[in-house]
Structure formats: C-alpha cells, structure tokens
Amino acid sequence: MASANQTFVVTPRVGPAKTPAGERVRDFDEILARFTPPAGAVQSSRCAQCGVPFCQSGCPLENNIPDWLRLAAEGRFEEAWRQSEATSTLPEICGRICPQDRLCEGACTLEQSGWETVTIGSVERFLGDMAFENGWVAPVAPLTERGRSVGIVGAGPAGLAAADRLRSAGYAVTIYDRHDRAGGLLTYGIPGFKLEKPVVQRRLDRLVDGGVTFRLGVDVGDDLPFAEVRAAHDAVLIATGVYQARRLTAPGCGSDGVVAALDYLIASNRKSFGDAVPAYDSGALNAEGKRVVVIGGGDTAMDCVRTAVRQGASSVTCLYRRDRDNMPGSAREVANAEEEGVVFEWLAAPRAVLGEAGRASGVRAQRMALSARSAEGRWSVEPVPGGEFDLPADLVIEALGFEPEDMPGLFAEPDLALTDWRTIRTAGHTKATTLEGVFAAGDIVRGASLVVWAVRDGQDAAAEIDAWLTAREQVAA
C-alpha cells in the first residue's frame with residue numbers, strides 16, 4: 001500500500017483551476033487559481049519521494065522539492081515554505097513563470113514513468129502566497145552590519161536575488177536601474193496574466209523595508225558614470241540583463257508597424273500601471289483591431305501573442321521556422337495561446353514585410369523543412385521550393401531574442417572583457433569579471449535565459465562577493 005506521501009497510484013494529477021479562455025482574454029489577470037490547502041496537500045502527496053530526486057537536479061536552483069512536498073502533504077505548510085525559501089529568493093515568482101514542463105516537472109520520475117508529474121510549480125506558488133498572507137515571510141534583518149557596501153547595476157531577478165542575500169549578510173546594498181520601477185523583466189517584460197505585478201511589488205517592498213536602497217531612473221553609463229558607482233562601493237555586481245533586440249533584416253522590416261517585442265510588452269505593462277503611454281494610445285504599440293503577426297518561438301513570442309489577443313486584435317498568428325516539438329518556448333504557453341485563439345504557422349520563416357507607403361500590410365513567408373541535426377541536437381532548416389505564402393498583418397512583432405549592449409563602451413571600461421557573444425566574460429565558473437571588485441551575473445553573462453537561472457546566478461554572485469570581501473578584510477587585519 002502506498003504511504004501517505006506516495007499516493008500517485010491512487011491520486012491523479014489535478015492542476016489548479018484555469019479560467020476558461022473566453023473569459024480570461026478579457027483582462028490581464030493571472031489565469032490559474034490557487035490551490036486550497038487541502039488540494040495543495042493532496043497534490044503534494046503524489047510525490048514518490050525518490051531516493052534520487054531528478055526534479056531537484058532538473059531545477060537550476062536545486063530546490064529541495066521532495067522535502068517541501070512531503071511537508072506540504074502532511075499539512076506542515078509553514079515548514080514546507082521554509083524549505084522552499086531556503087534555496088530560492090523568489091520561489092512564488094518562479095512557481096508562476098518557470099517552464100516547469102522543461103525543468104523540474106519534466107524531470108520528475110513519475111512523468112518519465114507514465115504516472116504524470118507532480119504539480120511542483122503550482123505547489124510552490126501556493127506555499128509562497130500562503131507565506132505572505134500569513135506573515136511567514138520575515139523582513140530582511142541582518143544579525144550584524146558588515147560596514148561594507150555593494151552596488152548592483154540592474155534591478156531584475158539576478159540583481160534582486162543578490163541584493164536579498166547580500167543585505168541578509170549585513171552589507172549595505174544600493175541597486176541602480178534605468179527604469180522608473182524596479183523588477184526588470186518581472187515588472188515590464190512579463191504580462192500580468194503570467195505574473196501579476198503586486199506579486200513582484202511585495203518582494204521589492206521587503207527589500208526596501210530591509211534597508212536596500214533603490215536608485216531608479218538612473219542609467220549607469222549615461223546619467224551616472226560606472227566609475228562613480230565603483231568608487232562608491234566596496235564591490236559592484238553587473239546584473240543588467242540583455243535588452244538589445246535582434247531585428248529582422250528582411251526587405252521592408254523598417255516599415256511602420258514593425259516593432260520589437262520588448263517595446264510592445266513594456267508599453268502594455270506601463271498601460272496596466274496607469275502610465276501615460278503615447279505610443280500605445282496612438283496605436284503604434286497597441287494591437288486593438290489589428291491583424292498581428294508575431295515572429296519567433298520563445299516565451300517572449302508567447303507573451304506577445306497572448307497580449308495581442310487581450311488587446312483586441314482581429315487576428316493573431318505566430319510564425320516560427322521550426323516545428324512544434326523544436327520550439328524553445330514552454331509547451332504550456334503554446335497550449336494556452338492556442339486555447340485563446342492564436343494561430344501557429346509552424347515551419348515558416350519571414351522573407352519580407354509587405355506594404356505600401358512605408359506601412360506594413362503583411363508578411364511574406366517561406367515554408368521550411370527540418371534538414372539535419374547538430375551535435376547539440378538542434379535541427380537546422382532549409383526552404384521548401386515553391387513554398388512562399390503571404391499573411392496579412394497591420395502589426396508585425398519581432399520576438400527574435402535579445403543581445404547584450406556594448407558594456408565596455410557604455411561603462412567606459414575598455415578592460416571589461418567580453419566573450420565571443422559579447423556577454424561579459426567571467427573567470428572560469430566564478431562571477432568575477434576582469435575588473436577588480438566587479439562581478440557579473442544573469443543574462444549579461446549567460447545570454448538571454450530563464451528567470452530561474454538569473455536567480456541562481458544572483459545568489460551565487462552574492463556568495464562570491466561575500467567571500468571576496470571577507471578575504472580582503474582578513475588580509476587587511
């Protein structure tokens with residue numbers, strides 16, 4: 001007979017209730033309900049409590065997943081939360097936006113053996129929300145003040161994770177960010193139907209209440225020289241992310257009506273905050289009543305297509321050059337988009353943007369076929385002869401990924417070394433850059449990646465900075 005913590009043989013997987021597509025497209029609210037405590041306990045009890053937990057190794061943070069599932073199954077929710085937060089500074093956020101189907105849940109032994117995975121992400125989210133509501137989330141309160149300060153450039157997930165750990169260790173922390181609100185992509189890049197903004201704000205409030213200083217609307221390298229940031233702190237962490245959009249190079253891509261994904265998403269999120277957004281009001285970054293084509297296959301593309309549906313687009317099509325099985329975005333997000341009426345054109349690549357008088361009216365696309373697999377398992381594609389076709393489009397959104405800015409030039413630091421991909425080079429497996437006392441973490445090191453990897457990098461960077469400053473103090477003594 002199955003134990004109280006191994007009920008997968010008698011308990012089916014049941015996720016949180018999802019708002020029907022016809023209703024959820026009317027607003028930007030999160031589409032998943034939250035588990036009730038009894039439902040959260042029941043779903044947690046499905047965990048097989050494996051001797052070798054592949055879910056844990058499948059998680060970039062190496063979260064103690066079986067441990068907090070066992071505690072939740074026993075109704076020990078606060079203890080489960082403590083286990084959850086022990087390895088993650090943003091667990092309730094990762095529980096919402098991680099592609100669990102490609103990480104912990106995809107690696108779950110039950111999933112691999114045909115029993116269906118445990119609803120790990122939904123339980124993580126449920127525990128985090130319960131923790132905030134019940135006052136289990138303690139303020140950041142260091143036991144002692146270290147008398148040293150750390151400057152962090154970038155208020156996204158890597159910077160926030162590092163700030164949490166560093167402030168907890170007793171360092172004075174100042175975060176600089178070019179935007180007027182902290183959070184980076186959590187605030188401005190991810191739509192509310194995946195991550196409602198009060199969820200981010202309560203994390204920011206916790207850092208402020210714990211003594212972290214935010215200097216917002218400050219563009220380091222422009223408004224404030226990077227040299228001044230270095231001079232003001234004992235160590236600096238660069239956690240700017242990568243925001244420079246890859247753009248189409250096809251004929252007509254400079255037409256009005258062709259926009260970058262992040263510009264589009266930022267405008268939508270700013271509108272949700274009640275900001276004045278002239279480009280949205282003019283229609284330039286608003287899909288209402290338009291035929292929309294989104295080019296790309298990652299999670300950013302899914303955010304764009306689902307945002308366009310909610311803005312009232314007359315049609316939304318996603319154009320991706322590989323097939324569904326080789327799409328880099330979350331399969332869960334693709335399914336959500338299809339439920340909401342998005343049409344996918346698989347194995348199709350843009351050839352040109354059509355239009356007259358400099359205004360987009362469509363996309364000429366080319367049918368593609370998978371041709372050969374690389375050593376890394378990535379399929380290449382080749383055009384199908386005679387496979388051109390046209391799609392009508394009043395708004396073309398480029399969701400082709402992101403590249404780093406010229407960081408040495410921006411910061412006036414020619415000795416800041418870069419990789420061949422123009423990301424910041426760090427020493428071996430450390431976060432140390434080629435500048436003394438300057439560290440880097442997140443997408444600006446690894447390239448555009450997942451929020452959970454940024455959190456891991458930020459936490460690791462905080463530990464390295466702590467060790468580096470401690471070693472300097474010991475030498476000075």
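**Figure 1. Glu-333 and the residues around it.** Leaving aside its neighbours within four places in sequence, Glu-333 is in contact with Lys-194, Asp-299, Met-302 and Arg-306 (contact means heavy atoms within 4.5 Å). This is a predicted model, so local features need pLDDT of at least 70 and side-chain atom pairs count only at pLDDT 80 or more, while totals for chains, interfaces and linings use all residues. Residues are numbered from 1 along each chain as its sequence is written, and side-chain values use heavy atoms, with hydrogens and water left out. You'll find Glu-333 in helix α17 (residues 331-339); helices (H or I, at least four residues) and strands (E, at least two) are DSSP runs, numbered from the N terminus. Is Glu-333 buried or exposed? Glu-333 counts as buried because its relative accessibility is 6%, and buried means under 20% relative accessible area, exposed over 50%, partly exposed in between (1.4 Å probe, protein chains only). Now look at Lys-194: Glu-333 and Lys-194 are 139 residues apart in sequence, and their C-alpha atoms are 9.6 Å apart in space.

**Figure 2. Asp-275 and its two arginine partners.** Asp-275 sits in the loop between α14 (261-272) and α15 (278-281). With a relative accessible area of 17%, Asp-275 is buried. Which side chains make polar contacts with the side chain of Asp-275? One is that of Arg-181, at 2.8 Å, and another is that of Arg-270, at 3.0 Å. A polar contact is a pair of N or O atoms within 3.5 Å; within protein, one must be able to donate a hydrogen and the other to accept it, and residues adjacent in sequence count only if both atoms are side-chain atoms. Beyond neighbours within four places in sequence, Asp-275 is in contact with Asp-180, Tyr-188 and both arginines, Arg-181 and Arg-270.

Figure 3. α14 has twelve residues and reaches 17 Å from its first C-alpha to its last, close to the 16 Å expected at 1.5 Å a residue (the expected span of a helix is 1.5 Å times one less than its number of residues). Nine of its twelve residues are buried, so α14 is largely enclosed by the rest of the structure. Among the buried ones are Tyr-264, Ser-268, Asn-269 and Arg-270. Just after the helix, Gly-274 takes a positive phi of about 90°.

**Figure 4. Helix α9, another mostly covered one.** Helix α9 (residues 120-133) has 14 residues and spans 20 Å from its first C-alpha to its last, close to the 20 Å expected at 1.5 Å a residue. How many of its 14 residues are buried? Twelve are, including Ile-120, Glu-124, Phe-126 and Met-130. Just past the end of α9, Gly-135 has a positive phi of about 75°.

**Figure 5. Two glutamates with a positive phi.** Glu-62 has a positive phi near 55° and lies in the loop between α3 (54-57) and α4 (65-73). For Glu-116, phi is positive too, near 75°; Glu-116 is found in the loop between α8 (109-113) and α9. Glu-62 is partly exposed, with a relative accessible area of 45%, and Glu-116 also counts as partly exposed, at 43%.

**Figure 6. A sheet of three strands.** This open sheet runs in the order β10-β11-β12, with antiparallel pairing (two strands pair if DSSP finds at least two bridges between them). Which are the edge strands? They are β10 and β12 (379-392), each pairing on one side only. Strands β10 (residues 348-356) and β11 (residues 359-373) share eight bridges, and Ala-348 has Arg-367 in β11 as its bridge partner. Two residues lie between the strands in the hairpin of β10 and β11, where Ala-357 takes a positive phi near 55°. β11 and β12 pair over nine bridges, with Ala-369 opposite Glu-382 in β12.

**Figure 7. The nonpolar cores.** In soluble globular proteins, nonpolar side chains tend to be buried together. The largest nonpolar core here has 71 residues, and Ile-152, Leu-166 and Phe-214 are among those with the most contacts inside it. A nonpolar core is a set of buried Ala, Val, Leu, Ile, Met, Phe, Trp, Tyr and Cys residues joined through side-chain atoms within 4.5 Å. Helix α20 (residues 451-476) gives this core its largest share, eight residues. Apart from it lies another core, of 30 residues, including Ala-261, Ala-301, Val-316 and Ile-397.
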